[in-house]
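Keep the viewer open and select residues as they come up.

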Amino acid sequence: MKKLLMPLAGMIIGFVLVFWSITSSGPIGAFIDIPSIVITLFGSMSAVVISFPIKKMIEVPKIMKELLIDPDDNRIEMVQLFTEFSKKARVNGVLSIEDDIQALENETMFKGLQMVVDGKEGEIIKSQMELEMDLTEERYEAAPALFNKWGEFAPAFGMVGTLIGLIVMLGELDDPSLIGTGMATALLTTFYGTMLANLIFLPLATNMKQLATDKMITYEIILEGVIAMQEGQNPRDIEEKLKSYLTTQEVSEMESSEPVSLENLQKQEV
């Protein structure tokens, strides 16, 4: 949920600043025009519907939930768990961790370690997990791509609305008193298109692209950890390898935190 707070805060601040600027210059009513809103918002939405298959569009809300609302993956805990699993497997054999992994919340990590416990070969595990990673990455690209495209279409439809307004205005030049009002109304669609693109659609696309990249780094940690477990690598080597995926802050937090206990992991499941 915390990943959603900053984008929301940024949007609210942006709209407040625009609102303050408008009200400082004149009445807010001069900036409200329903036909302009309709042609900019729903016109650009129609172009998006034409551009993307319906299956991908239906998935976008679910992807946004995964990226913006679902709890963060605790990478520090993942690295610690892989270290503890490898220590236990090294002493008691890989089958000894079968009960422990049942308590894992991350489904990808569970599936990977279950394949190790089942004795599958490294190449099979790697190819299967890489395929899942590729499909997941492709899914995650749908939402940023859609909002990027929407951010391109919104100003374009704003310009379409402006051209329509100018055509109507030029058709009524017999009354010069209406030219100023007509011009202002015509320019509103460009204003709406620019606002939607630069305060909502494009920032959302950038934010979700970064979150998707972070998710894929987590997948990389899981893949490296699972393969290292299958190969029976030294627990210390596994820990150092996986720590290279963490940020400097995460490494500092990991070094100052208590190691994960496999006993506590099983208690959480109960």
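Predicted model: local features only at pLDDT ≥ 70, side-chain atom pairs only at ≥ 80, totals over all residues.

The paragraphs below go through the core, the aromatic pairs, the salt bridges and the surface.

Let's begin inside. The largest nonpolar core holds 58 residues, and the members that touch the most other members are Phe-82, Phe-85, Met-109, Leu-113, Phe-147, Val-226 and Met-229. Which helices supply at least two residues of this core? They are α1 (2–25), α3 (54–69), α4 (75–92), α6 (107–117), α7 (122–170), α8 (179–231), α9 (235–243) and α10 (248–256). The largest share comes from α8, with 18 residues.

Once its neighbours within four places in sequence are set aside, Met-109 is in contact with Met-78, Leu-81, Phe-82, Phe-85, Leu-104 and Ile-222. Two of these partners, Phe-82 and Phe-85, are also listed among the core members that touch the most others.

Next come the aromatic rings. A pair of aromatic rings is described by the distance of the centres and the angle of the planes. Searching the whole structure turns up five aromatic pairs. One of them joins Phe-147 and Trp-150, with 6.2 Å from centre to centre and 20° between the planes, and it is stacked. Helix α7 holds both Phe-147 and Trp-150, which sit three residues apart, or about one turn of the helix. Are these two residues buried or exposed? Both Phe-147 and Trp-150 are buried.

Compare that with the rings of Phe-191 and Tyr-192. Their centres are 5.8 Å apart and their planes meet at 50°, so this pair is tilted. The two partners fall into separate accessibility classes: Phe-191 counts as partly exposed because its relative accessibility is 27%, while Tyr-192 is buried because its relative accessible area is 12%. The cut-off behind this is that buried means under 20% relative accessible area. Ring pairs also bring in Phe-31, which is linked with Phe-191 and Tyr-192 into a cluster.

Now turn to the charged side chains. Side chains of opposite charge can pair when their charged atoms come close. How many salt bridges does the count come to? The count comes to eight. One of them joins the side chains of Glu-84 and Lys-87, at 3.7 Å from N to O. Glu-84 and Lys-87 are separated by about one helical turn, because they are three residues apart in helix α4. Lys-87 has a relative accessible area of 42%, so it is partly exposed.

Lys-111 and Glu-107 form a salt bridge whose closest N and O atoms are 3.4 Å apart. Both residues lie in α6, four residues apart, again about one turn of the helix. Lys-111 counts as partly exposed because its relative accessibility is 38%, and Glu-107 counts as exposed because its value is 52%.

Then find the salt bridge between the side chains of Lys-243 and Glu-255, at 3.7 Å from N to O. Lys-243 lies in helix α9 and Glu-255 in helix α10, so this pair ties together parts that are twelve residues apart in sequence. Lys-243 counts as buried because its relative accessibility is 14%, whereas Glu-255 counts as exposed because its value is 58%. There is also a network: salt bridges that share partners join Glu-59, Glu-66 and Arg-139.

Which helix gives the most to the nonpolar patch? Helix α2 (residues 34–51) does, with six residues. Ile-37 has its place in helix α2, and Ile-37 counts as partly exposed because its relative accessibility is 31%.

One last stop is Ala-184 in helix α8. Ala-184 counts as partly exposed because its relative accessibility is 44%. Ala-184 and Leu-166 are 18 residues apart in sequence, and their C-alpha atoms are 9.7 Å apart in space.

How values were computed:
Residues numbered from 1 in each chain as written. Heavy atoms only, no water. Buried < 20%, exposed > 50% of the residue type's maximum accessible area, 1.4 Å probe, protein only. Core = buried A, V, L, I, M, F, W, Y, C linked by side-chain atoms within 4.5 Å. Contact = heavy atoms within 4.5 Å. Phe/Tyr/Trp six-rings, centres within 6.5 Å; stacked < 30°, edge-to-face > 60°. Salt bridge = Lys/Arg side-chain N within 4 Å of Asp/Glu carboxyl O.
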